[in-house]
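Thanks for making time this morning. I would like to walk you through a few side-chain contacts, so please keep the structure on your screens while I talk.

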Amino acid sequence: IKVEFSMKFTSRDLSLKRTLSKKQSGVFGVKINVVTKRERSKVPYIVRQCIEEVEKRGIDEVGIYRISGVATDIQALKLAFDTNTKDILMMLSDMDINAIAGTLKLYFRELPEPLLTDRLYPAFMEGIALSDPAAKENCMMHLLRSLPDPNLMTFLTLLEHLKRVAEKEPVNKMSLHNLTTVFGPTLLRPSESESAKGQHITCASDIWSHDVMAQVQVLLYYLQHPPISFAELKRNTLYFSTDV
């Protein structure tokens, strides 16, 4: 028996590259505000359903979100959500939980723009580097208030979910740091123009390493923060400095 196989290396930059979708329907690769407006929801249905299923039967699973699901299962779920099949709930209940977790990660990875937006990325990087705790708090909360409502509501929903997952660390072995390493570079990533600006300063690998560490720290900051309320954030807008 002769077995042949081939492998192709794709750099992380290319694998996480986002492109604007030309689709008018579906949810993957479609702007989050388009999806929530179509669904008349505050948080995309796919995010709510995947989180619900993970919390129902996957929160005690060792390595949840770190262990990859079967690619064909993830693609099947992706197609089901994109076509809004009536069998999606039955599929979710029958599917391996790692495939569901992988589908949620894929949704965020395929957004045309990271959940925390291209526009605010430089400010997040500056804010997390502040050494004064009060200035950092002021800046990081202001940045959340600056997000579009669908992005903010989805981010806060994901935050609370990841906190609940981390509470089960003794069982699932997923600490806050493990979760931020998985989700940080997906939720927060420089636009191509921002990446290009820094290319002349140092090598791309150094830029990537520095960025990833900062992305992880941003998500970790919010996960370690006391519960953040959407209503309270909006109510307190006038009481915080608008300087970043």
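Let me begin with Glu-53, which counts as buried at 6% relative accessibility, where buried means under 20% relative accessible area, exposed over 50% and partly exposed in between, with a 1.4 Å probe and protein chains only. This is a predicted model, in which local features need pLDDT of at least 70 and side-chain atom pairs count only at pLDDT 80 or more, whereas totals for chains, interfaces and linings use all residues. Residues are numbered from 1 along each chain as its sequence is written, and side-chain values use heavy atoms, with hydrogens and water left out.

Glu-53 forms a salt bridge with Arg-57, with 2.6 Å between the closest N and O atoms; the term requires a side-chain nitrogen of Lys or Arg within 4 Å of a carboxyl oxygen of Asp or Glu. Both residues sit in helix H3 (residues 45–57), four residues apart, about one turn of the helix, and helices here are DSSP runs of H or I with at least four residues, numbered from the N terminus. Arg-57, at 34% relative accessibility, is partly exposed.

Turning to another pair, Glu-55 and Arg-164 meet through their side chains in a salt bridge of 2.7 Å, N to O. This pair links distant parts of the chain, since Glu-55 belongs to helix H3 and Arg-164 to helix H9 (residues 149–167), 109 residues apart. Glu-55 is partly exposed at 25% relative accessibility, and Arg-164 is partly exposed as well, at 33%.

Across the whole structure, the search finds seven salt bridges.

Methods. Helix = DSSP H or I, 4+ residues; strand = E, 2+ residues; numbered from the N terminus.
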